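Dear colleague,

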2 protein chains.
Amino acid sequence: MNLDHNKFPDANAIRQAARRIDNYIHQTPILTSLSINKIFNAKIFFKCENFQKAGSFKSRGAVNAVFSLSEENLKKGVATHSSGNHAQALARAANLRKTNAYIVMPENSPEVKISAVKSYGGIVTFCKPNLKAREETLLKIIQETNATEIHPYNDYRIISGQATAAKEIFDKIDNPDFILTPVGGGGLLSGTALSTYFFSPSTKVIAAEPEQANDAYLSFYQNKFIPSKNPNTIADGLLTSLGTLTYPIIRKYVHGIVTVSEKSIIEAMKLIWERMKIIIEPSSAVPVAALLENKFNYHRKNIVIILSGGNIDLNNLPWQNK
Amino acid sequence: MNLDHNKFPDANAIRQAARRIDNYIHQTPILTSLSINKIFNAKIFFKCENFQKAGSFKSRGAVNAVFSLSEENLKKGVATHSSGNHAQALARAANLRKTNAYIVMPENSPEVKISAVKSYGGIVTFCKPNLKAREETLLKIIQETNATEIHPYNDYRIISGQATAAKEIFDKIDNPDFILTPVGGGGLLSGTALSTYFFSPSTKVIAAEPEQANDAYLSFYQNKFIPSKNPNTIADGLLTSLGTLTYPIIRKYVHGIVTVSEKSIIEAMKLIWERMKIIIEPSSAVPVAALLENKFNYHRKNIVIILSGGNIDLNNLPWQNK
C-alpha cells in the first residue's frame with residue numbers, strides 16, 4: 001500500500017507527483033499581458049490552470065491520488081462528495097485508470113456540472129443539499145463498494161498534486177517576488193506554499209479570499225481554526241473551510257491572506273476576459289481582485305497568479321445580473 | 001517611395017512583411033483540444049489571432065502598411081473609415097510610429113469600440129452611419145491632412161500583412177489538409193490563400209461565410225463580382241463585400257467557399273468558449289460553424305482554423321438573446 005496519504009509532503013513527494021501525473025495533465029501555459037502589466041504597474045505571470053484538463057487545477061491532485069492507489073484499492077473505485085471541479089477531475093482520473101468514480105452531488109447542482117461529471121464516466125448519486133446528507137450518502141456508498149474516499153483537499157496526495165502547479169512555475173520563472181492563489185479548502189494554497197518553500201524560498205505566498213467566505217483569513221490571523229459561517233460568494237469554488245491538513249501548512253508557510261469584495265471579483269474577472277481573451281471562473285479572479293483593491297504593496301514587482309479554473313455557466317454571467 | 005501598395009504580393013513580399021512586423025505583433029499560439037477533435041473526428045489546429053495585439057489579425061496588415069510608408073508620408077498620418085477591428089489596429093500601428101491615425105466612425109458605433117480606438121491614440125471623427133457619409137468624411141479629412149488612406153482590405157500591403165498568419169502556421173505545421181478562414185472583405189482570406197499557394201501548396205483553402213452576408217460565396221461560384229445586399233449577421237466583422245484586389249486572388253487561389261447559418265455561428269462560438277476557455281468573436285466562429293454543418297468532407301483530416309479575433313461586448317452575448 002502506498003503511504004503518500006499519511007506522509008507530510010516533502011520536496012520529493014512533490015517531484016514524484018509531478019512525474020506521476022505528467023502524461024495525464026497539461027503543463028499549462030504561463031501568459032502575460034502588457035496592458036494588464038500597465039494597469040497594475042507590475043510584471044504579472046498568469047499560470048493558466050483554466051486550460052487544465054477538466055477545466056481546473058483539481059486534475060493535478062485527483063490524478064495524483066488515483067494513480068497512487070494500489071491495484072487492489074484501484075479496482076474498488078474512488079468516491080467523493082463534490083458539486084464542483086473536484087468531482088469532474090476525480091471522474092476523469094478514475095476513467096483514465098478504468099475504474100469507478102462514485103460522486104455524491106447535491107440534488108440542486110447545476111445541470112452543466114452534473115453532465116460534465118457524467119461525461120467523464122462518473123457515477124452520480126444525488127442527495128439533499130446539505131453537508132450532513134452529503135457525508136451520510138458518501139459513507140453509505142463507501143460501505144457498499146469499499147471505494148477509497150478522495151477528499152477534495154484534506155489529503156496529502158491531493159496537496160502534493162496541487163503543488164505541482166507552482167513547481168512548474170518555478171521551473172520557468174526565477175524568484176518571483178510574489179505568488180498568489182485563491183483559497184477555499186486550501187488544497188491549492190497549501191500545495192503552492194510547500195512548493196514555494198522548497199523550490200523558490202525567497203518568494204512570498206499571498207492568498208486571496210472573498211470577504212464573504214473569509215474563514216482562512218480569520219483562522220490565519222487569529223491563529224486558530226475558524227470554520228466558515230454561511231459563506232456566500234460568487235466564487236463558488238471557495239465556499240469550503242480549511243481542513244485539518246491544509247490549515248497547519250497554510251499557517252506555517254503562507255505569508256499573508258487578504259480578502260476582497262464581490263464587486264472586485266466580478267470586475268477582476270471581466271478585466272481578464274476582456275484584456276486576455278481567456279475564460280476564467282470567479283474563483284480565479286479573486287487574486288486579481290486583490291491587486292485591484294491594492295491589498296498589498298506589489299508595484300514594480302514580479303507576481304505570479306495561479307488562475308485556478310475556467311468552469312463557468314456561460315448562460316449566467318455575473319456582470320449581467322447587475 | 002515604397003511600391004508595395006501597387007505590387008501583387010509574391011512569396012518575398014509576404015516574407016518581408018513577416019520580418020517588418022515581427023517586433024510589433026504576437027506570433028500567436030496554435031492551440032488544440034482533444035475534446036474538440038473528438039467531436040469533429042478530425043485533428044484541428046486553432047491559430048489564435050484572438051490573442052493578437054489589438055485583439056485581431058488586423059494588426060498584421062495595419063502594422064505592415066504603416067511601417068511600409070515613407071518617412072515623408074508617415075509624418076502626415078494615416079486615415080481610414082472603420083467601426084471595427086481595423087480601426088483599433090490602425091490606431092495602434094500609427095501610435096507605434098508616433099504619427100496620427102484619423103479614424104472615421106459611424107456615430108452609432110458601440111462605445112466599447114470608440115474607446116478602444118481612442119485608447120490607442122486614434123483621432124476619431126464621427127459621421128452618419130452610411131457608406132456615403134463614411135467615404136465623404138474620410139475624403140475631407142484626407143484633403144485637409146494629406147494623410148495616407150489605409151483601406152481595411154483592398155490594399156496589397158494589408159493583404160501581405162494578413163498573409164503572415166498563414167505563413168506562421170506553415171512554419172510549424174507541415175502540409176495540413178485544409179486551412180479555413182472567415183471571409184468578409186477578403187483581406188485575411190486572400191492573404192491566407194497566397195501564403196498557402198507559396199508555402200504549403202498541397203493544402204486546400206476553404207472560406208466560411210454567413211448565409212446572410214454571402215457575397216463572397218455568390219461571387220466565387222457565379223464567377224463575377226457580386227456585392228452584398230443588406231447583409232445582416234452577428235458576425236459583425238464579415239458585413240463588408242470583397243474588394244477589387246481581394247476578389248481576383250480569392251477566385252484564383254481559394255478552393256471552396258461555404259456558408260453557415262446564424263444559429264450555427266452562435267453554437268460554434270459557445271463551443272469554443274466552453275471547451276477551449278478562450279474568447280473568440282462571432283466572425284471567428286464562422287469556420288467552426290462550417291464543421292458543425294458538415295459543409296465539406298473533413299473527417300480524419302488535419303485542419304487549420306484561423307480564429308480571427310476576440311473583440312466582443314461581454315455585456316451582450318448572443319446566446320443570451322435567444
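Contacts of B:Ser264

Once its neighbours within four places in sequence are set aside, B:Ser264 is in contact with B:Ala289, B:Leu292 and B:Glu293, where contact means that the C-beta atoms of two residues, placed from the backbone, lie within 7 Å. This is a predicted model, in which local features need pLDDT of at least 70 and side-chain atom pairs count only at pLDDT 80 or more, while totals for chains, interfaces and linings use all residues. Residues are numbered from 1 along each chain as its sequence is written, and chains are lettered from A and ligands numbered from 1 in the order in which they are written.

B:Ser264 and B:Ala289 are separated by 25 residues in sequence, yet their C-alpha atoms are 5.2 Å apart in space. B:Ser264 counts as buried because it has 22 C-beta neighbours inside 10 Å (buried: 20 or more other C-beta atoms within 10 Å of its own, C-beta atoms being placed from the backbone; exposed: 12 or fewer; partly exposed: in between).

As for the two chains, 14 residues of chain B are in contact with 14 residues of chain A. On the side of chain B that touches chain A, six residues are nonpolar, five polar and three charged (nonpolar: Ala, Val, Leu, Ile, Met, Phe, Trp, Tyr, Cys and Pro; charged: Asp, Glu, Lys and Arg; polar: the others, Gly among them). The copies meet through the same surface, because 100% of the interface residues of chain B are also interface residues in chain A.
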